[in-house]
2 protein chains.
Amino acid sequence: MAVPIILIVALIAGIISIGMALYFRYLVLKEDPGNERMQEVAGYIEEGAKTYIKIQYKILGIFVAALFLVIIFALPSQINPGALNWEQAIAYLIGAVGSMLAGWLGMYVGVKANTRAAQGCTISTKKGFDIAFFGGAVMGLAVVGVALIGVSIIYWIFQTPIVVLGFSFGASSIALFMKCGGGIFTKTADVGADLVGKAEYDLPEDDPRNPATIADNVGDNVGDIAGMGSDLFDSYVASIVAAMMLAAAFSIGIVVFPFGNITLTEEGIARLIITPLILCAVGLMASLIGIYLIKLKGSDEPGKALNTGTYLATVVYFGLSALFTFLLSIGLVAEEIGLLWRIWGTSAIGLIAGIILGFTSDYFTRDDKKPTRNIANAAKEGHAVVILSGFSYGLISVVPPALGVILAMAVAFWLAGVFGVAMAAVGMLSIVGTIVSNDAYGPIVDNARGIAEQGDLGEDVIRTADRLDSAGNTAKAITKGFAIGAANLTVLALLFSFTEEAGIILTGINLLDINVLIGAFIGVVVPALFSALLILAVQRNAAKMVDEIRRQFEENPKILTGEEAADFSKTIDIATKGSLRELILPSIISIVIPITVGILFGVAALGAFLAGAILSGFVFAVMMSNSGGAWDNAKKWIEDGNLGGKGTEIHKASITGDTVGDPFKDTAGPSINTLLVVMSLTASIFMGLLLLPIFNLGAGLLLL
Amino acid sequence: MAVPIILIVALIAGIISIGMALYFRYLVLKEDPGNERMQEVAGYIEEGAKTYIKIQYKILGIFVAALFLVIIFALPSQINPGALNWEQAIAYLIGAVGSMLAGWLGMYVGVKANTRAAQGCTISTKKGFDIAFFGGAVMGLAVVGVALIGVSIIYWIFQTPIVVLGFSFGASSIALFMKCGGGIFTKTADVGADLVGKAEYDLPEDDPRNPATIADNVGDNVGDIAGMGSDLFDSYVASIVAAMMLAAAFSIGIVVFPFGNITLTEEGIARLIITPLILCAVGLMASLIGIYLIKLKGSDEPGKALNTGTYLATVVYFGLSALFTFLLSIGLVAEEIGLLWRIWGTSAIGLIAGIILGFTSDYFTRDDKKPTRNIANAAKEGHAVVILSGFSYGLISVVPPALGVILAMAVAFWLAGVFGVAMAAVGMLSIVGTIVSNDAYGPIVDNARGIAEQGDLGEDVIRTADRLDSAGNTAKAITKGFAIGAANLTVLALLFSFTEEAGIILTGINLLDINVLIGAFIGVVVPALFSALLILAVQRNAAKMVDEIRRQFEENPKILTGEEAADFSKTIDIATKGSLRELILPSIISIVIPITVGILFGVAALGAFLAGAILSGFVFAVMMSNSGGAWDNAKKWIEDGNLGGKGTEIHKASITGDTVGDPFKDTAGPSINTLLVVMSLTASIFMGLLLLPIFNLGAGLLLL
């Protein structure tokens with residue numbers, strides 16, 4: 001099947017994206033990095049982040065090389081039966097390296113942008129905002145660029161999405177490490193710094209005497225820039241691949257859709273396969289236009305500016321995607337054209353659903369709305385009640401986004417079957433450039449605020465930086481809701497493409513089959529276990545951090561007086577090594593359990609396993625993200641002087657909520673997305689193995 | 001199909017059970033109720049419990065009458081198409097009234113036994129133990145007796161399990177109110193009493209000056225005797241009905257089982273239908289023998305005595321059930337005899353699994369095992385870390401029982417198909433008489449300890465009562481694990497009988513059907529929402545209780561000096577009315593959501609909804625029960641003088657864990673069982689409606 005030439009649009013868009021990322025990098029780097037003290041602090045952060053990334057990448061190198069060998073030698077090729085599986089293996093390598101490159105570029109600029117944004121705040125809000133925003137946009141554009149270029153070229157060369165699956169698996173396995181590792185790192189440092197520095201020695205936040213301060217700042221970068229970026233990169237590529245695989249499964253001739261039958265031509269199918277790439281290219285253009293308009297217009301209200309960018313990108317997407325749907329439809333038969341327009345509809349619905357999900361999670365975590373306000377008031381009755389309240393609202397907050405995803409899924413299915421569901425995921429993720437940019441903006445301004453404080457830039461500048469920071473927090477809440485919804489739809493699409501690949505899309509996944517029921521049962525339990533392991537990892541690591549901070553203060557009293565600098569490298573080392581060590585068990589789970597379920601109970605049970613994990617993972621991810629966010633904001637609202645303000649028993653109770661929420665919202669909750677994608681892709685990649693005659697006895701090894 | 005005469009065994013066993021319950025009641029009542037002060041306190045508790053039950057039953061009367069009318073008039077009869085559905089309606093009424101009667105009898109003796117057990121402790125440990133144990137056994141035997149008599153008679157008269165389903169639904173709808181209502185009541189009083197009495201006025205536990213003390217004691221009885229009793233009654237009857245329905249669905253001639261085909265005769269099927277009842281009768285005999293042997297042997301180690309009773313009942317069950325399997329098989333053909341022995345195997349496996357589950361939950365909540373010890377140590381790092389640690393271990397504790405249920409289900413299925421799974425649930429619940437007796441023993445000795453303290457019986461007697469109490473806590477942990485496992489297997493069996501009834505056991509529940517996927521999605525979310533609503537209900541109610549206690553202390557200072565008695569009726573009133581009001585939303589959810597899902601998306605989606613709810617409900621129920629239990633015991637371990645003991649910051653942090661755990665383990669967690677059974681039975685009972693032509697369009701109203 002020839003690749004339609006219009007695919008060049010995706011490739012060019014990807015190249016432009018990388019070009020713009022490098023241009024924004026240039027714009028950021030040419031700014032004034034501020035006074036000596038600021039540069040010193042920023043230097044520590046940069047060094048810490050680079051140390052982490054270097055160690056992380058070294059370990060990843062071994063891991064990637066090992067999996068590369070497994071894919072090439074252990075997995076039967078699904079393209080040339082009997083041959084070595086080198087196509088998927090190479091694609092895997094490119095995906096992994098691409099993800100690492102994008103993460104590196106984003107982080108590199110992020111740690112340069114913080115001090116420059118702080119300095120920018122001395123000029124104007126807009127100046128500070130622009131620097132931070134461009135700094136964040138580098139990550140967003142790098143992610144989209146690498147994804148579009150990688151997928152386009154691999155598909156062009158190999159002409160089958162099965163190989164692109166390897167690319168996606170590469171991106172995903174890196175994301176698992178970056179997201180979980182970053183999440184453990186950032187909370188180890190944060191919790192450790194708070195427990196000793198704030199509680200025992202009464203040091204303020206970001207105090208340079210606290211040995212874990214720099215580690216905390218590094219954590220913001222590795223968790224929220226590299227981590228969230230690789231997470232969305234992962235979902236983005238996976239949604240594209242799932243849709244491509246489902247399109248490639250269409251057969252020439254009559255194809256059954258929920259709304260009726262359609263006759264597809266070879267050219268029609270070829271166009272459908274690349275439609276997700278084209279629509280993502282359109283989403284990138286929409287994101288760039290949004291970014292450009294924000295800059296042009298300027299704004300003294302950073303929060304509004306970020307949201308305006310999202311709205312603009314959305315509106316532009318609707319128009320531009322209609323144009324490209326028209327271009328894609330040229331020369332096709334009428335029925336195919338109708339289908340293309342239905343697909344345009346599914347992508348639009350996905351995008352709208354994503355934005356609604358983002359704002360739902362914003363509602364549940366805003367301090368001027370009922371849930372967070374009630375949680376703050378619960379602090380009046382003590383530590384326990386604040387926990388019960390936040391936990392309950394977190395659980396309740398699952399209902400609206402669940403209904404949102406269900407509705408989007410149902411309408412998309414009604415419009416274009418399971419392919420429609422996959423395209424809704426693609427649509428939701430199409431403006432991921434904007435989403436990642438807004439998200440990466442957060443840690444930059446968060447760091448900028450700390451640097452402004454340590455660089456003695458004065459009250460006014462700090463207040464400006466504070467405003468930028470608070471906009472970053474809102475953006476982060478929205479991004480998280482968006483990311484969970486997008487991952488959820490993506491893994492549902494992957495589930496369909498998996499069943500298509502396994503040849504069970506017709507026979508179905510029957511819950512009354514005992515193997516299938518067992519698969520679903522195991523699937524529902526896994527996200528719970530995974531979350532628990534990550535939370536315990538943070539707890540264990542933070543305890544080590546606490547010991548180290550105490551040791552430094554005790555052995556060298558000059559640190560507390562400010563005469564000598566604390567040993568930042570030691571705390572960074574603990575956070576780094578600890579987070580990587582604690583990653584081992586969760587990553588084994590995410591790869592070994594799906595394969596084991598497939599071998600023992602068969603591919604249908606593996607499908608049910610994925611479905612169970614997707615649904616229960618959604619509940620845990622939303623609950624943890626939202627209760628964590630609400631606890632955080634309830635605490636901040638109290639610190640703003642409400643209910644007695646700082647230092648009261650009420651405030652202390654709210655801090656307990658915030659501390660519980662830290663690993664909920666920044667470690668376990670968001671890592672579940674990546675877990676789900678990795679497990680889904682593992683199932684697809686190892687399909688060749690699972691379908692080997694020895695395992696393919698109808699219901700796996702355990703014939704029940 | 002004629003009813004085999006051997007069914008008389010179940011009826012006789014039921015009558016013996018009630019007789020023994022009344023005999024034990026006599027044994028308890030003839031004991032010395034202790035001194036005047038003790039009788040006074042016990043009188044308050046008795047009065048409070050009766051007040052609660054009266055108001056509860058009044059409301060239940062209206063509810064039962066309304067549902068009675070719905071069943072008779074709105075639901076199409078599944079026995080005589082076109083006729084009024086009076087058979088199921090009457091069975092429903094009997095089930096509801098039977099459940100209420102059993103609850104009343106158990107509660108009535110429970111509140112009489114407490115002061116007598118306290119007085120018994122002045123004579124010997126054994127005396128105190130015997131009184132409390134017989135008091136608890138009344139509830140256990142009443143539950144089993146009412147169930148066996150009710151099911152046997154109804155089946156004898158109507159000769160179809162469809163009518164027995166009405167009985168089960170009656171029992172279940174009462175259980176929902178008793179369990180959730182009792183759970184909210186007990187924690188409203190407990191949390192309220194602690195927050196003001198202990199924290200603000202520094203009163204000790206069970207202090208008579210605290211206006212909520214009596215309400216707290218009442219709560220133990222309504223939550224742990226009536227609530228847990230009705231919960232297990234509910235599961236017990238439901239497991240019997242599910243197995244009967246699956247047996248009744250066998251057709252004469254060749255029937256396909258996982259291990260091969262079997263030819264069944266009419267007589268064979270008739271015997272299979274009553275097999276669950278016979279095995280439950282056997283379980284009852286085994287329980288009675290266990291109880292008798294415990295009494296005969298006597299023991300100064302109450303904890304060991306309770307466990308010995310459970311082991312004895314298990315061993316006796318294996319032997320006796322083999323004998324009755326032999327009796328059941330007389331006159332059948334060889335293939336049927338083989339099947340009966342396979343079924344004996346499934347029931348044995350179910351029972352063993354139940355006991356293993358009980359001891360697993362014991363492991364995760366014992367203060368001498370790693371999880372609880374780690375949680376206690378986490379208290380050194382403050383309130384937040386104790387919460388994170390307990391929550392994580394709670395999640396991890398889901399894995400072993402999940403594997404246990406999966407294994408039991410898989411082996412049972414391999415032995416006898418879905419009927420085997422149902423019979424494993426029956427086997428697990430066969431010794432429910434022992435389980436409920438052990439559980440109801442707990443609140444009696446808990447109350448006895450308080451009464452001994454208030455009746456000034458001296459240090460030695462209080463220490464004896466303490467030992468009885470601590471055995472009660474262990475028994476409670478085991479019971480909870482057992483109850484969750486049993487409910488889980490039961491609802492899985494109900495799921496199969498539901499699909500059999502809906503005629504989709506052959507077409508299956510295909511997760512790739514979008515309606516089914518949506519059903520599963522909604523199902524997974526419901527237990528989370530339900531838990532959150534119950535926790536918030538406790539929080540809201542406890543806040544009212546706090547206000548009332550403060551009001552009494554402020555308006556009448558003589559309460560604190562002990563000159564005047566607090567107004568107990570007021571606090572009991574708050575707990576009673578509040579718990580009933582807060583029940584409305586959760587009970588609507590449990591009945592309305594399944595019907596809505598069935599109407600909108602069809603019966604297959606309803607099946608997936610149930611499956612999703614069962615699996616996610618299992619995760620939430622186990623997590624909440626075990627983390628709650630572990631927090632409780634971590635606190636007690638610290639109060640025993642470890643890590644600095646009472647009054648330290650570490651102790652305070654552990655109290656936070658305990659308070660969070662209270663509604664987890666005593667309200668939300670255990671209520672999920674009942675939710676699942678009610679939803680499953682609602683689906684089955686309303687099947688006639690859902691299969692009406694207007695809804696039965698293949699996939700419900702929303703044709704996707």
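The legends below describe views of a predicted model.

**Figure 1. Overall fold of chain A.** The secondary structure of chain A consists of 20 helices and 2 strands. Its C-alpha trace extends over about 75 × 55 × 45 Å along the principal axes. Buried residues make up 67% of the 704 in chain A. Of the contacts in chain A between residues at least 6 apart in sequence, 86% link residues at least 24 apart.

**Figure 2. Side of chain B that touches chain A.** In this contact, 54 residues of chain B meet 54 residues of chain A. The helices of chain B that each contribute at least two residues to this side are α11 (383–396), α12 (399–430), α15 (514–555), α18 (603–639) and α19 (649–685). The most comes from α15(B), with 14 residues. Sorted by class, the side of chain B that touches chain A holds 40 nonpolar, 13 polar and 1 charged residues.

**Figure 3. Packing of helices α3 and α13 in chain B.** Helix α3 (residues 86–121) of chain B packs against helix α13 (residues 432–454) of chain B at an angle of about 50°, and their axes are 8 Å apart. This angle makes α3(B) oblique to α13(B). The crossing of the two helices, α3(B) and α13(B), is right-handed. On α3(B), the residues in contact are B:G106, B:G110, B:A113, B:N114, B:T115, B:A117, B:A118 and B:C121. They meet B:A440, B:P443, B:I444, B:V445, B:N447, B:A448, B:I451 and B:A452 of α13(B). The residues of this contact between α3(B) and α13(B) comprise 11 nonpolar, 5 polar and no charged.

**Figure 4. A:D456 in the loop between α13 and α14 of chain A**. The loop holding A:D456 lies between α13 (432–454) and α14 (459–502) of chain A. A:D456 is a residue other than glycine with a positive phi, near 55°. With 11 other C-beta atoms within 10 Å, A:D456 is exposed, since the cut-off for that class is 12 or fewer.

**Figure 5. A:L643 in the loop between α18 and α19 of chain A**. A:L643 is not a glycine, yet its phi is positive, at about 55°. A:L643 has 17 other C-beta atoms within 10 Å and is partly exposed; a residue counts as buried at 20 or more and as exposed at 12 or fewer.

Technical notes: Residues are numbered from 1 along each chain as its sequence is written. Chains are lettered from A and ligands numbered from 1 in the order in which they are written. This is a predicted model: local features need pLDDT of at least 70, side-chain atom pairs count only at pLDDT 80 or more; totals for chains, interfaces and linings use all residues. Axes are lines fitted to C-alpha atoms, for helices over the stretch in contact, and angles run from 0 to 180 degrees between N-to-C directions. Helices (H or I, at least four residues) and strands (E, at least two) are DSSP runs, numbered from the N terminus. Angles under 35 degrees count as roughly parallel, over 145 as roughly antiparallel, 65 to 115 as roughly perpendicular and the rest as oblique. A crossing is left-handed if the near helix is turned anticlockwise from the far one by less than a right angle, and right-handed if clockwise. Two residues are in contact if their C-beta atoms, placed from the backbone, lie within 7 Å. Ala, Val, Leu, Ile, Met, Phe, Trp, Tyr, Cys and Pro count as nonpolar, Asp, Glu, Lys and Arg as charged, and the others, Gly among them, as polar.
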